[in-house]
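The stops below are meant to be taken in order.

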Amino acid sequence: MVSFLLSCGKEEITFTRADADRTVFMYLPWASDLYGEFLVNIADLESAVSRGMLGNERVVVFLSSSATEATLFEITYANGQAVRETVKIYNSPAFTSASGITSILNDVKTHAPAAKYSMIIGCHGMGWIPVGAASATRQETSVEVGQYGTGHKTRWFGGTLALYQTDVMTLAQAISDAGIKMEYILFDDCYMSSVEAAYDLRNVTDYLIGCPTEVMAYGMPYSAMAEYLFGEPDFEAATDAFLEFYSGYSVPCGTIAVTVCSELDALAGIMKQINGAFTFDGSLSSVQRMDGYYPQRFVDLGDYVSQLCEDDVLLTRFRAQLEKAVPPGSRKHTAQFYTRASGAITINAFSGITTSDPCQSTYTAAKTETAWWAATHN
């Protein structure tokens, strides 16, 4: 409960505002090359709020304006427009440590208590791949090619240093330590619809929304998607809005899906049976790639298992469980996805979620240390 005073003439009346039904928390840690896009994302969110889409929900934003400065503010609706109310100014926020992120989440809980919380994370991303390996990928030289020309910035390539990156397990620990289970986490980042990443987060969120490939630097079209993310989420409508936006974008490439985290343990159980019976001996080039890197780091999970598993009954069970874990109604994609390293790549198979299981490179070597690997291999 939040109490406040209203002065009416000589009389002061005390009102008590009950906790909100939901608090949506947009978390934008420091990424120097995306700061301008973050401002556009916030403006798009404010556009939705100004159209009166907030019911008994609250929207709180953490925005890093530099590596050492950040502001926590709430977007409210007043007199037909969105208004920003500053909550807290941070000096050198620890947004890469579990304790630091927990502290920020506790500030959100204190300011905007709610029955349910959800989190939008805008930044760079490389799926489950740890900070040390992920930072190395940012030093690579790309060949920017493709039918859409050169120089298109995505939310991954050309990112910042390891100093400003956070491991997925650190995020999971931070959310757990804050005593929250998110209704959903929306990753407005590249490569975050990864089964390894989702499995790490399965106990701290009900749903994970993300892109299995790179996403253009513009990110999620919040002006169109926000109405389906406020209140009772409508994931199918939200992903439809994403697809419509990117189908008409200057680079008409986009992928998105929603993972039901409660279904991941059952998926892992079937995957363990498949891995126990079969070894992938095909060519990785025959599996639907979901990145533009050489060697590959992410492939389509469904297509990989289809080529790995030779038992029709077991494969049918896996596909049925995959549909529960990543419902087809929330899997959306254009004909191609865009990568800054390799240009546009055609999508022939799409399950909405990736794996690095068959990939062999220095960047994916740590896959054997993931919780997904431990759950799916003997």
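The tour goes from charged pairs to aromatic rings, then to backbone details and a helix packing.

**Before starting**

This is a predicted model, in which local features need pLDDT of at least 70 and side-chain atom pairs count only at pLDDT 80 or more, while totals for chains, interfaces and linings use all residues. Residues are numbered from 1 along each chain as its sequence is written, and side-chain values use heavy atoms, with hydrogens and water left out.

**Salt bridges**

A salt bridge here is a side-chain nitrogen of Lys or Arg within 4 Å of a carboxyl oxygen of Asp or Glu. The structure has 10 salt bridges. Select arginine 22 and glutamate 232: their side chains form one of them, at 2.8 Å from N to O. This pair links distant parts of the chain, with arginine 22 in strand 3 (residues 20–28) and glutamate 232 in the loop between helix 6 (222–229) and helix 7 (235–247), 210 residues apart. Helices (H or I, at least four residues) and strands (E, at least two) are DSSP runs, numbered from the N terminus.

Which of the two partners is buried, and which is exposed? The terms are set by relative accessible area: buried means under 20%, exposed over 50%, and partly exposed in between (1.4 Å probe, protein chains only). Arginine 22 counts as buried because its relative accessibility is 10%. Glutamate 232 has a relative accessible area of 60%, so it is exposed.

Next, select glutamate 183 and lysine 116, which form a salt bridge with their closest N and O atoms 4.0 Å apart. The link is again between distant parts of the chain: glutamate 183 is in strand 8 (residues 182–188) and lysine 116 in strand 7 (residues 114–122), 67 residues apart. Glutamate 183 is buried, at 9% relative accessibility, and lysine 116 is partly exposed, at 39%. Show Arg22, Lys116, Glu183 and Glu232 together: salt bridges that share partners join these residues into one network.

Then select arginine 58 and glutamate 74, a salt bridge whose closest N and O atoms are 2.8 Å apart. Arginine 58 lies in strand 4 (residues 57–64) and glutamate 74 in strand 5 (residues 69–78), 16 residues apart. Both arginine 58 and glutamate 74 are buried.

**Aromatic rings**

Rings of Phe, Tyr and Trp (its six-membered ring) pair if their centres lie within 6.5 Å; planes under 30 degrees apart count as stacked, over 60 as edge-to-face and the rest as tilted. The count by this rule is 16 aromatic pairs. One of them is phenylalanine 25 with tyrosine 27, a tilted pair at 5.8 Å centre to centre and 45 degrees between the planes. Phenylalanine 25 and tyrosine 27 are both buried.

Move to phenylalanine 242 and tyrosine 246, a tilted pair with centres 4.9 Å apart and planes at 50 degrees. These two residues are separated by about one helical turn because they are four residues apart in helix 7.

**Charges over rings**

A charge sits over a ring if NZ of Lys or CZ of Arg is within 6 Å of the ring centre and within 35 degrees of the ring normal. Select tyrosine 199: arginine 202 lies over its face, 3.7 Å from the ring centre. At tyrosine 363, the charged end of arginine 297 sits over the ring, 4.1 Å from its centre.

**Backbone details**

What is the peptide bond from tyrosine 294 to proline 295, cis or trans? It is cis, with omega near 0 degrees. Proline 295 is in the loop between helix 8 (264–277) and strand 11 (299–300).

Asparagine 79 has a positive phi, near 55 degrees, and is not a glycine. Its place is the loop between strand 5 and strand 6 (81–91), and its relative accessible area of 79% makes asparagine 79 exposed. Tyrosine 191 also has a positive phi, of about 65 degrees. Tyrosine 191 lies in the loop between strand 8 and helix 5 (195–201) and is buried, with a relative accessible area of 0%.

**Last stop: a helix pair**

Select helix 8 and helix 9 (residues 301–308), which pack at about 35 degrees with their axes 11 Å apart. Axes are lines fitted to C-alpha atoms, for helices over the stretch in contact, and angles run from 0 to 180 degrees between N-to-C directions. The contact (heavy atoms within 4.5 Å) is made by Leu267, Met271, Ile274 and Asn275 of helix 8 and Leu301, Val305 and Leu308 of helix 9.
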